[in-house]
Amino acid sequence: MAAKTLQTAAVVSIMLLAFGIAYYAGRHMARESFIISAQDSALGGAGSVAEQNFRAYGHSVRNLDMRRWRTFAAGKAIFDHHWALRMLAPYYNARSCSACHIHDGAGGAPGLDSSVVAELIGPGVTVASIYRHAEAGAPPVGTWSFRWESNSDGLVRPDVRFCLAGTASSCGEAVSLRIAPPLIGLGLLNAVPDSEILAIALLEAENNPATAGLARRVWSPRDQRLEAGRFGWKSSSATLDDQISSSLYKEMSLTSGLSKLGPVASGCSPKVQDSLFDALSLYCHLLAVPDRRNLGNPLAARGAVVFRQVGCAGCHRETLVTGADKAFPELSYQVIHPYTDLLLHNLGKGLSDSLSDGEAPAAAWRTAPLWGIGLRETVNPNARFLHDGRARNLDDAIRWHAGQARAARRNYELLSKEDKECLLEFLRSL
Ligand code: HEC
Ligand code: HEC
């Protein structure tokens, strides 16, 4: 009897040991394969491109179906088109998309170039652009001005003031400064299924409710339903087409076919015909993400580990997978490394302004995608970081993180000089 018990005990311990080894190996392998995938240089999947100069953001995806090449070129022409003033009247911020999205990249800070826009909430709730230019005798919407303020740790921020035209008493409305974000890889982000974004939000809420992001639901004029917002600094548009239609209207008062279905209902025939809109849309969907560089650089490799250790990857999620996209097979089923969870996070008082937008509080911003960030200043030497361009460099950008990112920022500040440099080297390699 005793021998039998001993035998059973031995079998059970061997099984437990085997399970233990398998479990450990499984975990270890999963971790290894995760590391290998994040080391992938093709940040934007099969369409990623190798170019590293100032045109690095302006290429079509490498796997572009060649039959679409002409439409892509036509889309670029519309993107660069300098619109006639009579088309833009009465209000506009700039005369072409490329005046703000310089070389398809980010805009500079207020004062550095004119790509910064200001938005406000008027008496009628919707977020609108404070147009910079008025034509044909139209009264200006108002005036906005800003000055740079420095805080004790050497960081600077623009302090903006807005006054409605004619009424000095209405100065101080809710107002928000925004710079133009870079336009690479947006078709890929558009192809991430809503279900994946919602699943990430659930996962974050389960793992760490204190830093969990919010999946904002917004009305899509194109799809005529509520969907997961993902475009704009506050995720105010769900699809890239909705965002383009809103950019046309908000920046250049150009209506398109979608305008009728959106919040800015217009009875007139659209100024931008469907064929032009479709080419512009194809262009914006298929702008490629540049490859990661310096994969062999030991500092950048160490930096990738530090990035995870200090908690950056909790929001700047390394890997997402796109779903089926019937209109754009080039973008379907791609493993991509955008370094965002596409969710809104509260980044604290310092980054807050006075403008909330729907479900998004004033201090909440979409986790900015970090792919291509190392080339941002190569593409536009005036380019800055964070939603209003206050960050002069990557170190500034990280030091502004607070609110839900407070712990990650503290960990960053406590790093040794060497590890800090490794982390920055890693960001520059993206
Ligand atoms: C006056 C400057 C300006 C002009 C002109 C302009 N944009 Fe933008 N664009 C911006 C700003 C600022 C944002 C961020 C808006 C926000 O977050 O509220 C933006 C956001 C976008 C986004 C979302 C990017 C993302 O990462 O979510 C797209 C796409 C876009 N613009 C495309 C266009 C297209 C296409 C045109 C031309 C029809 C255009 N823009 C014209 C300033 C401009
Ligand atoms: C709680 C979520 C969260 C964590 C953690 C976090 N970030 Fe961010 N990050 C954001 C959000 C949201 C933004 C956009 C903020 C804005 O524009 O005002 C952002 C912006 C940035 C930017 C500027 C991007 C641009 O396009 O201008 C950089 C660089 C950056 N983060 C790096 C880091 C690093 C490095 C870490 C780790 C030390 C980190 N972040 C941790 C949410 C987070």
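**Exercise 1. Is histidine 103 buried, partly exposed or exposed?**

Start with the location: histidine 103 sits in the loop between β1 (91-92) and β2 (117-121). Please keep in mind that this is a predicted model.

Next, count the neighbours. Histidine 103 has 18 other C-beta atoms within 10 Å. A buried residue needs 20 or more, and an exposed one has 12 or fewer. Histidine 103 is therefore partly exposed.

Finally, look at the backbone. Histidine 103 is not a glycine, yet its phi is positive, at about 50 degrees. For context, most residues other than glycine have a negative phi.

**Exercise 2. Compare that case with leucine 342: find its place, its burial class and its phi.**

Leucine 342 lies in the loop between β11 (335-336) and β12 (344-346). Its phi is also positive, about 60 degrees, although leucine 342 is not a glycine. Now for burial: 24 other C-beta atoms fall within 10 Å, so leucine 342 is buried.

**Exercise 3. Work out the surroundings of valine 192, a contact partner of leucine 342.**

Step one is the position, which is the loop between α4 and α5 (194-207). Step two is burial: valine 192 counts as buried because it has 23 C-beta neighbours inside 10 Å.

Step three is the list of contacts. Leaving out residues up to four places away in sequence, valine 192 touches Ile197, Leu320, Thr322, Gly323 and Leu342.

Among contacts with a separation of 6 or more, 66% join residues 24 or more positions apart. Buried residues make up 46% of the 430 residues, and the chain has twelve helices and 13 strands.

**Exercise 4. Describe how helix α2 (residues 69-80) packs against helix α7 (residues 274-285).**

Begin with the geometry. The two axes come within 7 Å and cross at roughly 100 degrees. That angle makes α2 roughly perpendicular to α7.

Then list the residues on each side. From α2 come Thr71, Phe72, Ala74, Gly75, Lys76, Ile78 and Phe79, and these meet Leu276, Ala279, Leu280, Leu282 and Tyr283 of α7. Sorted by class, this contact has nine nonpolar, two polar and one charged residues.

Now turn to α7 itself. Its twelve residues reach 16 Å from the first C-alpha to the last, close to the 16 Å expected at 1.5 Å a residue. Its buried residues are Phe277, Ala279, Leu280, Ser281, Leu282, Tyr283, Cys284 and His285. The cover over them includes α2, α4 (186-190) and α6 (240-252).

Conventions
Residues numbered from 1 in each chain as written. Chains lettered and ligands numbered in written order. Predicted model: local features only at pLDDT ≥ 70, side-chain atom pairs only at ≥ 80, totals over all residues. Axes fitted to C-alpha atoms, helices over the stretch in contact; angles between N-to-C directions. Helix = DSSP H or I, 4+ residues; strand = E, 2+ residues; numbered from the N terminus. Parallel < 35°, antiparallel > 145°, perpendicular 65-115°, else oblique. Contact = placed C-beta atoms within 7 Å. Nonpolar A, V, L, I, M, F, W, Y, C, P; charged D, E, K, R; others polar. Expected span 1.5 Å × (residues − 1).
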